[in-house]
Amino acid sequence: MSSSWDQYIALSRFGYGPDREEGLGFYRGRPLDRLIDQITDPRLPKHLTDHGGIELSYKFLSAARKNKTKELVRLARKAMRDNYMGFVYDLFLHRQKTDQPFIERLCAFWSNHFTVSIDKPVVLGLLRDYEYTAIRPYITGRFADMLIAVASHPAMLLYLDNAQSFGPNTLFARFAKRGLNENLAREILELHTIGVDAGYSQHDVIAFAKMLTGWSLELRQNRTPYPKFHFHARGHEPGPKTLLGRTYKEDGINEAKAALSMLATHPRTARRLATKMARHFISDKPSSNLIMKMEQAFLRGGGDLFAMTQAMLRHSESWLQDLRKVKTTPDYIVSSFRALGFQPKEFHTVTSLHSLDYLPFKAPDPQGFSDDNSYWAAPGALVKRAEWAQEAAVRIKGKYDPFMLGKQLFGPYLSNSTAFALKGAESQSQGLTLLLMSPEFQRR
Amino acid sequence: MPEYEISRRNFLKGSLCACIAPAFLMGYPGLSFADVPTDKRLVLVFLRGGLDSLSAVVPYADPGYRLVRGKLAVSQKDLLDADGFFAFHNKMKPLHELYQKKELAVIHAVATPYRERSHFDAQDLLENGTAKPNGTDSGWLNRAIQVMGGRSGESALGLSVGPSRQAVLRGDASVTSWSPSYLRDVNEDLISRIARMYEHDELLHRNLGIAQENMGIADTKGKVGRGDRAFIPAMEAAAKFLVRQDGPRIAVVDLGGWDTHVNQNGRLSNLLGILSEGITKFRLKTPDDIWNKTIVYVVSEFGRTVRPNGSNGTDHGTAGMSMVIGGRIQGGRVISQWPGLSENKLFQRRDLMPTTDLRAVSKTLLGVHFGLSPGAIGRDILPGTSGLAPVDLF
């Protein structure tokens, strides 16, 4: 019972839109089954996990720290930046080409949920490892596993300052002059799990921060070429701690693991994650029934992300023909490249993102990028999309009839007013600009 | 004229009919602004992340200051004295000069009614103007615009500078927005064609119309700052909008990055320098007669812990500071009922104790600067503030 409406929804709402060559053909057959196939058997693209860059950039960094010559500092900066831009390019190219586009959308969603930012330049070289070891393996697994992997990853430990948080009553605090830092503990409670109105207090934040003391990095640089997780038992605050009314006995690294597992399966967490995912994929205002179905699936499986994702896919609201979401900026760029059949170089990807004010892995704060339509379609942002679309359209070689391309890409979604605009365009490049600016293409 | 050209007025009204605009209207964006109900201006500068006020306007003569701040205490040689008790961080030299000209007042130990420590709730509460996070959907500056007579679909009295609209401007009164672009302009014809495709899409149609209003007003191309420094051209653009006779009256500009949990001294000096440069740029671009009708109001969602944390930084605190800057204020003063820094004087034994409600400052600006009635302020704009004494700023 597949229609071309459903094919377009599967492509655009749950992926990066139709490709110029394939049109709607990618989801020929049963779009829903094909989406569920993807989450049943997600693949980790091997070519993206290359670690060469990370060792190199930290080698230069530690050399530059020991010996602050201009040349070494320049090399370290360059290696870090190359590593970051190379990763961004690989990632965006993969989104454009993959045969599992829904998996990429899920990865992007979870990676944004657990935002780390290059505002702290030290995380630049760690992004690739973060995404491939802490996020990707878990997108259809247990949320607790993802949460623990994230909280113990150097990128997050550095971004939210836990790498330097040590128990006030420990040897570490006395000799290294480092004490408690509550940043990570607070943001896990507030942003990653139960949410700010879950009724916890400052005492809970401090108790949880104490449980997380010692979750830090290998500090002996000769042991590792780049930052790696290490639990420092002698920096871990001793004694029992009470979080949300439950007391955890002193148990080293296992204290925070137990607390994270509890938070990951908390009903408040279920509600927040279900709401957030529905708002990301389906609508700024998803129905309470959709949220409830997703939340229940999550809880029944003890924090099961596969079940929650599947519940969203199987809900009728997810297949409403109304295009309720505005594309995010990165998705707008990838879907434009697909629609135009454009093969970007690293330069194109990076400057496109920059000129549309979207810097990957540089969200303004630990909340990550917004899921609101009003954020992505703000007045200034829309004009920039038009300016960018105009640049992209003139770079397309070969002859295309914008109206025919519109029919091929949008299928039944091509509206009369868009068809009229495409037919009346004064040039091919203006027509292609209009195609990228059409409501059918701005929305999903 | 091609039949798809639409006048800007009609974009704003969300009209579905593609009216043909008189040719003289096109290309004169100024004409589309209606009479503006006030000639007073306000720029809200929002320092997001929680400014460490004890490092910006430093209570250096408080006997507890060096003791409690330890390594984070600003050294004497980096201070510019204000009144024998407080001193400005030397990166704020231009602001110190405004202070000496009596055009800048500091309100210290000030806080919103928020007493928890989440950035996002604290910002939301400051922006919605109630005493609760998510207390209402609209922002207090939008409601102030409505009280002044700005309405949905009419000329925008509000201006959001930056990539997305700040919550303090959210609401029914129309608000325009501007952010810098690195790209080649699109022409009027292309925008009209796009607008026509959006006739049945309320959100896209409205926002494109707003964007079109702004094209050409603030041309700061080639001067786009990167990262935090983007604040400086943003302030310049705000000035260009606000000096227009028929332009917006209330602008909001963000400067983020104040959440200094780790090794804060370097980052903080950098940001204080950028803040000062941006405000200086705004002042330079504002002619004196307009400057006398303008207030720059600097706020942050909360202060930071009085003691350093374990990483030479500070964690989320409670009271902080605010600044009010303008040509016609009684400046040159640090207004504060200083609570002191000894442990028993701190809020929850960790944060600077709030002694002034930030809404009292906001209320004073609305009442004295804009001349809005106490009833409207206490009922519609900042509910629950009728009992707050105004702050002696004018």
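**Where two domains meet**

Author: Let us begin with charge: a salt bridge is a side-chain nitrogen of Lys or Arg within 4 Å of a carboxyl oxygen of Asp or Glu, and between domain 1 of chain A and domain 2 of chain A the count is one salt bridge. This is a predicted model, in which local features need pLDDT of at least 70 and side-chain atom pairs count only at pLDDT 80 or more, while totals for chains, interfaces and linings use all residues. Residues are numbered from 1 along each chain as its sequence is written, chains are lettered from A in the order in which they are written, and side-chain values use heavy atoms, with hydrogens and water left out.

Reader: Which residue forms a salt bridge with Arg279(A)?

Author: The partner is Asp372(A), and the closest N and O atoms of the pair are 2.6 Å apart.

Reader: Where do the two domains lie in chain A?

Author: Domain bounds come from an automatic or database domain assignment; here domain 1 covers 1–100 + 326–444 and domain 2 covers 265–319.

Reader: How is the size of an interface often given?

Author: It is often given as the accessible area lost when the parts come together. Buried area, taken with a 1.4 Å probe and summed over both parts, is about 1,500 Å² between domain 1 and domain 2 of chain A, with 62% of it on carbon and sulfur atoms. Of the area that domain 1 of chain A buries against domain 2 of chain A, Phe14(A), Ile39(A) and Asp371(A) supply 40%, more than any other three residues.

Reader: How many residues are in contact?

Author: With contact meaning heavy atoms within 4.5 Å, 15 residues of domain 1 of chain A are in contact with 15 residues of domain 2 of chain A.

Conventions: Buried area = accessible area lost by both parts, 1.4 Å probe.
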